[in-house]
Amino acid sequence: MSASSVAVPSQPAAKPAPSKKKHPIIRILSNPWILAISLILGGLTGHYYKDFAVSLIFPGELYLSMFQMSVIPIISTSIIVGLARMLRSGSASHYLGGMIGLFVITVLVGSSLGLVLGLVLEPGHNLGKASEAFIGQALLEENSSSGLDQNSGLQDLFSQLVPANVFEAYSSGKVLGIIFASVLLGAAMGMSRSEVGERFLEVTEGMKEAFGKILGWVVYGLPIGVFFLIAGQVSRLGVEAVLALSKLVLVFYFGCLLLWLFYALIMRAATGFSFSRIFAAVGRPVFVSFSAASAVASVPLAQKSMSALRPPVEVVNFVLPLSVAMNRHSYALLFALTAVFLAQLFGKTLDLYQALFILLTAALVGSASAGRLAVAAPMITYVLVPLDIPASVAMTIFLTIGTILDPMIQSSVVFGSCANTAILGKPSPSNPNEPYNDEDVT
Amino acid sequence: MKKLIVALLFFVGILGSVWGNAQTVENQDSDDYYTVGSGDTLSKIAERYPATLQQIADWNQLEAPYVVKLGQRLRVTPPERDASGQAEDQAADTEEEPDPPAETKTVPEATTRSPATEASTDREAQETSMPVSEDSSAPPAEEQSAPEQDTDSIEKPSTPQPLPIKAPQPKQETPPPGNGEDLSYYPPDIREIKERGKLIVLQYQGTRGGFFMYDDEMNFPDFPSYHDGKGRVIGYDIETAYKIADRLGVELELRRTAPNFTQACKMVARGEGDMVLSKLVNTLDRAQYVNFATPYVVVRLGVLINRLEETRLGAEENPVKLCNRPDAKVAIQTGTAFIPFAKEYFPKAQLVEYPDLDATIKAVEKGEALAMLNDEWNIGSALRMNPEIGVRVRLAFIPEVKIGLGPAISPEKPNLLNFVNLMMERDHIQTTSTFLLDRYFDKGTAAQVSSSMALLAESSTTSSVDNLALVMIIVIGLSLLIVWFLMAFKLKPAKVEEKQ
């Protein structure tokens, strides 16, 4: 609370300073209320003017592409720079160990939350005939594969992780491969103490800054982009699908909100900053990832706005993108919840061993899931098949309600990654952090 | 056939010109053509004129889905009928009728039919062989319900007329053959049908969903239908029967009396009808005494599999491999052709017999059996009616087995067989079971069940308490968060300054 009381009085004094430089239009566009209004307008447009909203899908995606255009270079360069700097400063071992431990713990929190919510709220019990009819129809139309393609999921994952060619990974935008390559590059850079290596790092930092600048311009269009994206998303939502699976959707959203609360609490406990300050740091990236239904897209934004919590630059550079890519609590939550949901739907009772199995596999598989739900859906096979639950049902369910689950999944991933970053980069007396420095934050 | 009509109309036309009325020549155009208005469909237009949907489509070169555009001019009379005499004749008739001017669109109907009435009412009175079916099915093809609708739309004085009028019209085509039209070059089987003036189609007395079934709720008002005394029969067999009769230029007489399918085949083999159209499977047994035309639908052998059992037994996409194992139970319906199939494809499995189709499906749904075997159509239509079981079961196919459904024709009638075979291809009668499922089961039943309203009602009744609580929590939580964010955003400038 102390931080907010410091911040509030200084607000009026601070406001005129940047606004004098900025054009009024830009001031309007960066006003957070405008963002909220465009979100609401987008939702209403998508719901009431479906045909018009469908035509907004394309410009929305165009905006998202512009947004993402600079995302991949920023993620890659920031991982390289972050890891190399960590290794050079010798703080790497401290952060790496902490990071792995934190990743494991938080993802287990996610999957156990899903498991407990599923067991307590019982979303799969008494689903009702109309809902079952809807799911049944969707399954029949989806037609018929038993969905037992055991190996493809893991093989896919590994083939994505290890790119056949680094440049191919960059050009095809395979995030996992890029991260893998960046980690290796950063490690190599950090190990070498040569001057050439230092220069390479500086070039990389320069690239990062340039792309950050580009992104800063694109962010001005955010209110319009959010309007397009939300309208498109809502127009594609099948109301029937959401109604038929309303219990699952509601419990999942509820679980994610609990996760957010959990993140906020641990962030506050770790950093000592007030909740409003925490949300100031996390708000905009979470907001953007929610409306774009893409966690990766908001990484650069998160890196910038996290500066409010003053974690060390290397941590922001390295932990945040890595966490977004690999530490997916909301997927763990969803997979555990869906496993329980399906067990209830098929009238199976889970014993303790099976519950534990769900907890662990959901955490593991959830962490390995990348991208949107439609892409990640086959991963749930590993949770379900050992329980004798047909995975095809889960995949069809994910395909039908993916549009409504995705925003929450992605924004929770971003929130969780910010939490990881804040905790790992918490200011300690021995290590007074430099604020993350980026001029185009606002 | 067309020659026949031309000859006949010409004759009537001369009669008309004797009355010497040529005032309504300007009407001729509107008699021959109809301009499509809003809300018109081809079948609606066909109802208003003494032509079938098929005929109008043919005269205007329209293709199968029969889409008409607003403002499109459609020929509603045969193209050959160009002699001015007919128009005059019609004009003459029109004058005699008090009612037609009341509604212009009904004019052509009344006019073309009225001469027939005069010509053949007496004859019709004598020929009372099948009064009920003829009355209702007389317009050679499509709309059984048309007469009633017409009756409604025409002014009161004319009310009694359309009914007797409509029936004789094809009759008036029938006498001329006897009257001297040369049928001698027709082979005996076709000639017999033409002389008789109707095609006799035999059918199983029960119903088979999608092929012949009662449509008492009028879910399919636009579909060709036949009134068999008990109700309005619709289905693909009915459509096909009308198409064949139409192409032969005769009426349709549907005899829905056969106690079972095999009996229907035997009846046609004995010459009690021209053909069987009754979702008939072309089995080798039956093929020994009847000829099967090219099947109009070929269905696959379907296997309905319980998802849970399947997952428990292990991954196997191929239904034959999945079910052919000693620990697999396969449900089959007693006394069907699927028992031999099951023995052939699942020799290792335990076959369990159930009395009817529903019982076999239930057994799979409950997991009593791993799978059941039947034809694609029977399983598919059951799933359309009860989509909720799709959660627990999935449908797979044995692609090697094709079951043909088609008309059976007496071996005495080889030319009719040829004719029907040619029609199967030419008139696109051959179709797929998916098309038929969409046409007759339309997801309509399923859509009703899973409509948003039903879902809403359901989610509000079942365990409404925890749902409501959840919604409240989420809504309040989200709105709190939004407010929080917005407040937090406002702090941003301060934070920037702090940095500097």
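These notebook entries record what I looked up in a predicted model with chains A and B.

**Conventions.** I number residues from 1 along each chain as its sequence is written, and chains are lettered from A and ligands numbered from 1 in the order in which they are written. Because the model is predicted, local features need pLDDT of at least 70 and side-chain atom pairs count only at pLDDT 80 or more, while totals for chains, interfaces and linings use all residues; side-chain values use heavy atoms, with hydrogens and water left out.

**Entry 1: chain A overall.** I looked up the secondary structure and found 23 helices and zero strands in chain A. Helices (H or I, at least four residues) and strands (E, at least two) are DSSP runs, numbered from the N terminus. Of the 442 residues in chain A, 59% are buried; buried means under 20% relative accessible area, exposed over 50%, and partly exposed in between, with a 1.4 Å probe and protein chains only. I then turned to contacts (heavy atoms within 4.5 Å). For those in chain A with a separation of 6 or more, 86% are between residues 24 or more positions apart. The accessible surface of chain A is about 17400 Å², and carbon and sulfur atoms hold 68% of it. Such areas come from the Shrake-Rupley method with a 1.4 Å probe; for residues, only the protein chains shown count as cover.

**Entry 2: the largest core.** I searched for nonpolar cores, meaning sets of buried Ala, Val, Leu, Ile, Met, Phe, Trp, Tyr and Cys residues joined through side-chain atoms within 4.5 Å. The largest has 125 residues, and A:F67, A:F252, A:M267, A:L342, A:I397 and A:L405 have the most contacts inside it. Helix α23 (residues 391–424) of chain A gives the most to this core, with 19 residues. Leaving aside neighbours within four places in sequence, I found A:F67 in contact with residues including A:L215, A:V288 and A:L301. Apart from this core lies another, of 78 residues, among them B:L199 and B:W377.

**Entry 3: a surface patch on chain A.** I noted a nonpolar surface patch formed by A:W33, A:I37, A:I40, A:L41, A:L44, A:Y48, A:Y49 and A:F52, with about 900 Å² of accessible area together. Patch residues have over 30% relative accessible area and no salt bridge, with like charges joined within 9 Å and nonpolar side chains (Val, Leu, Ile, Met, Phe, Trp, Tyr) within 5 Å. A salt bridge is a side-chain nitrogen of Lys or Arg within 4 Å of a carboxyl oxygen of Asp or Glu. Helix α4 (residues 32–48) of chain A gives the most to the patch, with six residues. A:W33 is found in α4, and A:W33 counts as partly exposed at 42% relative accessibility.

**Entry 4: chain B.** I found 25 helices and 15 strands in chain B, and 53% of its 500 residues count as buried. Its accessible surface is about 22200 Å², with 56% belonging to carbon and sulfur atoms.

B:S278 is buried, with a relative accessible area of 0%.
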